[in-house]
Amino acid sequence: MSTLLARALERADLDPLVLGALADRLREAERGDVVRVHLDRPGDDGVRTFGRAELDAAGDGRSFLRAICVARLAGDKGAALRVDAEAIGLPLAQVALAHGADELVAPIARLSLEVFGGDEASANEKAVLRERELCTLVRCAGRTPRIVEHRGGVVVEREPDTTSRATRRFRAPGREVAAEREAGDA
């Protein structure tokens, strides 16, 4: 669309939820419900990416989301809009998915997780858990995740890994206290 429409949308005093709903509806019509989750940093492939610089330029999260909506509504038909979750944080990135964005950059290498067992988790287990966490965030936004990896310069898309064995450590609050009480009573 035109830059004239973009200027009108930026200046319009539209309710942010209405603007977000319009952008998301257009995203659904043009791009479908699939969210491409990039587990590596993609190269310069021409996809418009919203990251820290755009968030700083917008000034706050609400204005940042408005910029994504305007990009969807006034941008090229069917163009991808990518959000850098590492740069802006996962909560804001998840909300951006409901405001017209359709790709997510979330490098796996920057996460530390605890898993069951006394030994340190393997890198593969950590990667599987991170991937599942990201896919759950995408599903909570009402969308379908697709994993995008870069292998030897080739972009590979696949379904999320649901079959690998990896378990996250979880301790219910108070579990240690109950165990100490039982040991003390014995």
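Predicted model: local features only at pLDDT ≥ 70, side-chain atom pairs only at ≥ 80, totals over all residues.
Leaving aside residues up to four places away in sequence, I88 touches G51, R52, L55, F64, V83 and A93. Two of these partners, F64 and V83, turn up again in the largest nonpolar core, which has 26 residues. Together with V37, I68, L104 and I88 itself, they are the residues that touch the most other members of that core. In soluble globular proteins, nonpolar side chains tend to be buried together.

Where does the core draw its residues from? Two or more come from each of strand 1, helix 4 (61–74), strand 3 (81–84), helix 5 (85–88), helix 6 (90–97) and helix 7 (123–140). Helix 6 is the biggest giver here, with five residues.

The six strands form an open sheet in the order 2-3-4-1-5-6, and their pairing is mixed. At the edges sit strand 2 (48–50) and strand 6 (154–158), each pairing on one side only. From one strand to the next, the twist averages 25°. Strand 1 (residues 34–38) pairs with strand 5 (residues 144–151) in the parallel sense, over five bridges. One spot to look at is V35, whose bridge partner in strand 5 is P145.

Searching the whole structure turns up one cavity of 30 Å³ or more, and the volume of the largest cavity is about 30 Å³. Its lining consists of L90, A93, Q94, L97, L104, L137 and V138. Helix 6 and helix 7 each supply at least two of the lining residues, and helix 6 gives the most, with four.

Notes. Residues numbered from 1 in each chain as written. Heavy atoms only, no water. Pairing = 2+ DSSP bridges. Axes fitted to C-alpha atoms, helices over the stretch in contact; angles between N-to-C directions. Core = buried A, V, L, I, M, F, W, Y, C linked by side-chain atoms within 4.5 Å. Buried < 20%, exposed > 50% of the residue type's maximum accessible area, 1.4 Å probe, protein only. Contact = heavy atoms within 4.5 Å. 1 Å grid on protein atoms, 1.4 Å probe; cavity = no way out; pocket = protein on both sides within 12 Å on 5 of 7 lines; lining within 4 Å. Points joined across faces, edges and corners; volume = space filled by probe spheres on them.
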